[in-house]
Amino acid sequence: MARFEHTVTVAALDRHWFEEAAGHAVDLFDASREQDGAILLPDGRPIHGLRLLKGCHLQSGARYGEDPEGKAGEDGEGPPEAAPEAAVLREWRPSRTVEVESRVAEEGMSLRVGVRLREPRTPKALEVSLDGHNPEGGSLYRFSGRAKADLHAWWAALDRPSSAPPAARAPVVGTAKHRLGKARLTVTPRPAEDGTWRVSVVLSVRGRWLLRPVAAVGLLFARRPVERGFREGVDSAAEEWAELLAELPSLHGEALRAEIADALTAP
């Protein structure tokens with residue numbers, strides 16, 4: 001097994017602002033309505049790039065996308081023929097769970113992506129699943145991944161004193177599986193004395209079954225470029241995080257709600 005670790009310092013996101021923004025976004029969607037396929041906010045403005053293609057708005061099985069002419073498979077489960085990026089709403093219970101699934105075909109690969117958010121108004125956990133395969137390929141063209149971000153555990157880890165050791169359990173855990181190997185990624189934050197976050201990312205990779213010795217030899221020779229790529233990837237994610245925070249509005253209350261509504265309707 002190969003193990004890679006890298007720690008970066010990033011600006012902190014205010015928890016109260018994040019939860020307030022999430023609550024406003026969920027409330028706007030919950031109060032929206034459908035008219036001739038367009039999804040209208042309470043003030044009557046349409047959400048840009050989002051249309052109801054099939055089913056009832058905010059009901060299980062509703063299919064959304066950008067192409068009003070898109071058609072789903074006959075059984076309602078297959079990918080749309082004319083709207084490959086359509087998404088299906090599996091569950092809409094704003095006080096408990098919101099779940100969305102999409103199936104897309106890209107470069108010969110068929111992908112199924114699922115996203116589940118628990119307690120959306122004050123987000124408790126985010127779960128993401130990914131399954132992919134090439135319909136014309138064998139087992140080497142199949143892979144899967146799962147990730148969960150326990151947001152309550154994330155904030156709890158940041159409430160600890162900066163001198164305390166990192167949380168024993170990583171709030172963010174992701175796994176990926178393929179016939180040749182599997183990987184596990186963890187993300188653990190801790191507060192720094194200046195108010196920023198110190199975020200440690202750990203990647204573990206190993207071969208599967210009889211391929212473990214082969215994978216071990218391969219990683220022995222490729223360890224340095226893999227480690228360099230891993231560090232560069234983490235650093236790049238930290239830079240993107242900084243850019244995202246710089247673009248977030250420092251608003252609250254109705255002003256923040258209005259800003260989110262403007263963002264949803266802007267072309």
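This is a predicted model: local features need pLDDT of at least 70, side-chain atom pairs count only at pLDDT 80 or more; totals for chains, interfaces and linings use all residues.
## The largest pocket

When the lining of the largest pocket is sorted by class, 29 residues are nonpolar, 1 is polar and 2 are charged.

## The second largest pocket

The second largest pocket contains about 430 Å³ of space. It is lined by 20 residues, and Phe29, Leu89, Trp92, Val98 and Val100 are the ones closest to its centre.

Several elements take part in the lining of the second largest pocket, with at least two residues each from α1 (15-30), β5, β6 (87-93), β7 (97-106) and β8 (109-118). Strand β6 gives the most, with 4 residues. By class, the lining of this second largest pocket consists of 17 nonpolar, 2 polar and 1 charged residues.

Glycine 61 is found in the loop that runs between β4 (46-54) and β5 (63-65). Its relative accessible area is 33%, and because this value falls between the limits of 20% and 50%, glycine 61 counts as partly exposed.

If residues up to four places away in sequence are left aside, glycine 61 touches Lys54, Val88 and Leu89. For leucine 89, the distance along the chain can be set beside the distance in space: glycine 61 and leucine 89 are 28 residues apart in sequence, while their C-alpha atoms are 5.5 Å apart. Leucine 89 has also been named above, as one of the residues closest to the centre of the second largest pocket.

## A salt bridge within helix α1

The count of salt bridges in the model comes to 15. One of them joins the side chains of arginine 15 and glutamate 19, with a distance of 3.1 Å from N to O. Both residues belong to helix α1, where they are 4 residues apart, or about one turn of the helix.

## Salt bridges between strands

A salt bridge also forms between the side chains of glutamate 101 and arginine 90, at 3.2 Å from N to O. Glutamate 101 is in strand β7 and arginine 90 is in strand β6, so this pair ties together parts that lie 11 residues apart in sequence. Glutamate 101 counts as buried because its relative accessibility of 16% is under 20%, while arginine 90, at a relative accessible area of 25%, is partly exposed.

Glutamate 99 forms a salt bridge with arginine 116, and here the closest N and O atoms are 2.9 Å apart. This pair links distant parts of the chain, with glutamate 99 in strand β7 and arginine 116 in strand β8, 17 residues apart. Arginine 116 is partly exposed, having a relative accessible area of 25%.

## A network of salt bridges

Salt bridges can also share partners, and in this model Asp27, Asp30 and Arg121 are linked in a network of them.

How values were computed: Residues are numbered from 1 along each chain as its sequence is written. Side-chain values use heavy atoms; hydrogens and water are left out. Buried means under 20% relative accessible area, exposed over 50%, partly exposed in between (1.4 Å probe, protein chains only). Contact means heavy atoms within 4.5 Å. Ala, Val, Leu, Ile, Met, Phe, Trp, Tyr, Cys and Pro count as nonpolar, Asp, Glu, Lys and Arg as charged, and the others, Gly among them, as polar. On a 1 Å grid over the protein atoms alone, a cavity is a set of points where a 1.4 Å probe fits but cannot get out, and a pocket is an open set with protein on both sides within 12 Å along at least five of seven lines; lining residues have an atom within 4 Å of a point. Grid points are joined across faces, edges and corners, and a volume is the space filled by probe spheres set on the points. A salt bridge is a side-chain nitrogen of Lys or Arg within 4 Å of a carboxyl oxygen of Asp or Glu.
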